[in-house]
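Here is a walk through one structure, from a single helix out to the chain contacts. Keep the model open as you read.

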There are 2 protein chains.
Amino acid sequence: MITVALPKGALLEESIRLFQQIGLDFSALNDPNNRSLQIVDPTNTARALLVRALDVPVYVEYGQAQMGIVGYDVLREKGPKVADLEDLGFGYCRLSVAVKADSGYQRSLDLPAHARVASKFVHCAREHFHELDLPVEIVSLYGSVELGPITGMSEAIVDLVSTGRTLRENGLVEIERLFESTAHLIANPLSYRLNRGNIAHYCQAIRETLQTQPETAVVS
Amino acid sequence: MITVALPKGALLEESIRLFQQIGLDFSALNDPNNRSLQIVDPTNTARALLVRALDVPVYVEYGQAQMGIVGYDVLREKGPKVADLEDLGFGYCRLSVAVKADSGYQRSLDLPAHARVASKFVHCAREHFHELDLPVEIVSLYGSVELGPITGMSEAIVDLVSTGRTLRENGLVEIERLFESTAHLIANPLSYRLNRGNIAHYCQAIRETLQTQPETAVVS
């Protein structure tokens, strides 16, 4: 039996829909009364694990799940040893640098050396400023990164932006994009190579589903 | 004006109650319609920041908040440079090692060398097994750590336990306690030393409130 790791949160609904299209029904995970983190589809051919987005690549890397769906942002930040098979097109967002609207900074390089940058994406943020050769202090936060500039703790943030509403509500503006992110299909490299649980069949079915669909509109 | 960092989640309600007892009303943060992460109390003498528990010590360390309330577990895991002023008695839980009930392991040292241990408390877990001189592989997870042993990814977990319900529901048993945790009052060391925002007054008021209360029952 193949096991699939699915991410809680924004990508879950589309992920469930995708697997329904290839004949695997994990919709029980969407039931608000569901407390189970592990379910088997009604045809008894596949299992799904419901885990935090950041944990999806961990279960896939260790082989407890042969396949998984996760945002490209998580792959960039964590660099797990998984096979990145397909861009699934949904769940668009971007990792961006943002500053206070009244700060006058128009790009990353306008920031003063040794500025503070708050982020949940510590690795990506560090890499970005390293490439610019601008020394900054990265402040690692777990949530509500927009409070960094508001409280004066940091001059900038590096955070995910989708509609931009949170930025606007907090008087912040996006000044640079590090990369865009969508949901990706990943697999355990060894499982994929050895075709464990007939993983090749499911990947092929997903590819065909993607080809028959109109391309997901990318909001930019 | 003094700024206080308060943690979202389990400790929030008691934290708000404590500050009410010393005359600062942050109860607006409890309003389900509240979207604001920053409020000023009605007397206009203090501000509260509502942040993730793990971020409380960050705001206090950088001095954007002079005081904060956070679980002792977070202080142990992150080791922030803050003054740990008072044990507030509420929010009891413990950081424990747990294994599958049918595994037969009765203490940490029963685990095989190079066992895998899943945890959100990577630093504390590593320290615990290092002190026992037992080499293990710590698997860092962000949520639902109990899935580790269930899926076979890890032999054990190191996780917070309060009532023990989650463990029981997942067929796990607690075999060792690393430490017990309650909410602590913390302060920025420099702010405390220089009595910024009259921080000494508030700390003293909190100490007096604690002394006049019957000691919080510690569930064990």
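On one side of helix 8 of chain A, H201(A), Q204(A), E208(A), Q211(A) and T212(A) are exposed. Helices (H or I, at least four residues) and strands (E, at least two) are DSSP runs numbered from the N terminus.

This is a predicted model: local features need pLDDT of at least 70, side-chain atom pairs count only at pLDDT 80 or more, and totals for chains, interfaces and linings use all residues. Residues are numbered from 1 along each chain as its sequence is written, while chains are lettered from A and ligands numbered from 1 in the order in which they are written.

I199(A), Y202(A) and I206(A) are the buried residues of helix 8 of chain A. They sit on the same side of the helix because they cover an arc of only 70° around the axis, taken from the directions from the helix axis to the C-beta atoms. Their cover includes strand 1 (2-7), helix 1 (12-21) and helix 7 (189-194) of chain A.

**Contacts between chains**

Next, look at chain B. In chain A, 21 residues are in contact with 21 residues of chain B; contact means C-beta atoms, placed from the backbone, within 7 Å. Helix 5 of chain A gives the largest share of chain A's side, three residues.

Methods
A residue is buried if 20 or more other C-beta atoms lie within 10 Å of its own, exposed if 12 or fewer, and partly exposed in between; C-beta atoms are placed from the backbone. Two residues are in contact if their C-beta atoms, placed from the backbone, lie within 7 Å.
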